[in-house]
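Take one label at a time.

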Amino acid sequence: MIQRRNAKKLSKFSKLLLWINYAFIISLIGAIASKYISPDHFWILAFFGLGFPVIVLANIGFFIYWFAQFRIQAAFSFVALLLSIQTCLGFVQVDISKQTISNKDIKIMSYNSMLFDLYNWTKNKQSRNIILTTLAEENPDILCLQEFYTSEEKGDFNNIDTVTHLLNAKNHHVEYTTTLRGNDHWGIATFTKYPMIKKGKIEFNTSANNMCSYTDVVIKADTVRIYNMHLQSIRFSKADYKFLDEVNNDTTDTKDELEKSKNILRRLKRAFVKRATQADGIAAHIEKCPYKIILCGDFNDTPASYVYHTVRGNLKDAFIESGSGFEQTYTGKFPRFRIDYILHSKEFKSKNYHHLSESLTDHYPVVSYVSY
């Protein structure tokens with residue numbers, strides 16, 4: 001029966017679907033390759049990597065369509081899907097093991113705090129207090145905050161003192177990317193209960209508020225380096241977000257739709273290239289690190305990206321090691337995938353990776369326990 005079905009000629013509709021199928025197979029191969037080729041050298045592949053989940057779903061659909069008809073064409077998407085399995089594991093995991101948390105485990109939390117809602121983006125005057133309450137309730141041993149803001153003059157927004165007071169993690173390392181009026185500071189911050197013995201930073205050649213810090217701490221007589229990073233964002237304008245809303249609601253004006261789409265693509269390309277350069281610098285720094293590593297941050301890129309693949313290197317991904325489900329850490333309009341990470345050296349064992357279910361910023365806080 002299978003031979004007779006395969007011998008039967010394809011209809012015009014099926015031939016059209018087959019050509020579309022070929023396009024998605026090539027797109028999937030491009031998405032897989034995007035992890036290994038820097039956008040600084042060939043930026044087009046980065047767009048395929050960004051669309052990886054959608055491309056995978058399309059290939060699954062084609063595989064089911066051809067398989068249901070006992071067509072040999074099902075093998076084409078099947079082979080491509082097999083090649084994508086390793087990348088898929090960065091997006092979705094199934095973990096049925098029961099992980100026991102002990103008081104000897106190290107609790108790590110990474111969170112893009114969006115300046116503690118300094119500009120009242122949420123339209124909720126209690127948002128800062130709620131964010132701080134969440135941090136206090138979680139009470140991590142290591143807390144890495146991106147888009148951190150503190151003020152030496154505004155008592156209500158002296159966030160260094162506030163966070164230090166709320167947590168057992170009394171030691172802090174704050175690096176500023178911007179300082180205005182001498183007292184208002186923007187940057188990234190690492191809080192920890194472990195003694196700090198060295199602090200440093202990796203600066204990026206960019207005017208945006210992006211940076212990577214490193215903090216050497218002593219845990220169980222071992223020196224461990226904590227990296228905290230915030231990589232280049234896409235930096236969509238209000239007009240870009242308005243256009244994305246119009247696209248989602250199918251209310252776009254076709255007259256200037258092409259130009260607005262080009263602007264979106266230009267911003268994406270620029271961000272891809274800048275993040276790639278930043279990732280190369282961080283990877284080179286990690287390569288020289290003589291200590292065990294815990295790395296946290298907002299990469300602004302997905303697990304199918306060159307940035308993730310380069311920064312991760314030989315490190316373990318806490319989500320892959322101990323997470324479950326389809327992971328999404330960004331709650332904004334685009335791209336709503338996993339862009340926040342906790343990575344660690346192979347000497348550590350990850351337990352109970354998860355993200356908190358609610359957030360007053362456009363990122364979910366991510367949490368994991370590690371032991372060794």
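This is a predicted model: local features need pLDDT of at least 70, side-chain atom pairs count only at pLDDT 80 or more; totals for chains, interfaces and linings use all residues.

Q: How many helices and strands does the protein have?
A: There are 13 helices and 14 strands, taken as DSSP runs numbered from the N terminus (helices: H or I, at least four residues; strands: E, at least two).

Q: Why is the pair of Phe299 and Tyr341 called tilted?
A: Rings of Phe, Tyr and Trp (its six-membered ring) pair if their centres lie within 6.5 Å; planes under 30 degrees apart count as stacked, over 60 as edge-to-face and the rest as tilted. The centres of Phe299 and Tyr341 are 4.5 Å apart and the planes stand at 40°, so this pair is tilted.

Q: What makes this pair a tie between separate parts of the sequence?
A: Phe299 lies in the loop between strand 9 (292-298) and helix 12 (306-312), while Tyr341 belongs to strand 12 (residues 340-344), so the pair ties together parts 42 residues apart in sequence. Both Phe299 and Tyr341 are buried.

Q: What is the geometry of the pair formed by Tyr65 and Trp66?
A: The structure holds 20 aromatic pairs. In the pair of Tyr65 and Trp66, the distance is 5.0 Å centre to centre with 75° between the planes, and the pair is edge-to-face.

Q: Why does Trp66 count as buried, and why does Tyr65 count as partly exposed?
A: Buried means under 20% relative accessible area, exposed over 50%, partly exposed in between (1.4 Å probe, protein chains only). Trp66 has 0% relative accessibility and therefore counts as buried; Tyr65 has 28% and therefore counts as partly exposed.

Q: Why does Ser371 count as buried?
A: Its relative accessibility is 16%, so Ser371 counts as buried. Ser371 is in strand 14 (residues 366-371). Leaving out residues up to four places away in sequence, Ser371 touches Asp105, Glu347, Phe348, Lys349 and Lys351, where contact means heavy atoms within 4.5 Å.

Q: What makes helix 2 roughly parallel to helix 6?
A: Helix 2 (residues 12-33) and helix 6 (residues 74-83) pack at an angle of about 15°, with axes 10 Å apart. Angles under 35 degrees count as roughly parallel, over 145 as roughly antiparallel, 65 to 115 as roughly perpendicular and the rest as oblique, so helix 2 is roughly parallel to helix 6. The axes are lines fitted to C-alpha atoms, for helices over the stretch in contact, and angles run from 0 to 180 degrees between N-to-C directions. Residues making the contact include Leu18, Tyr22 and Ile25 of helix 2 and Phe76 and Ala80 of helix 6.

Definitions and conventions. Residues are numbered from 1 along each chain as its sequence is written. Side-chain values use heavy atoms; hydrogens and water are left out.
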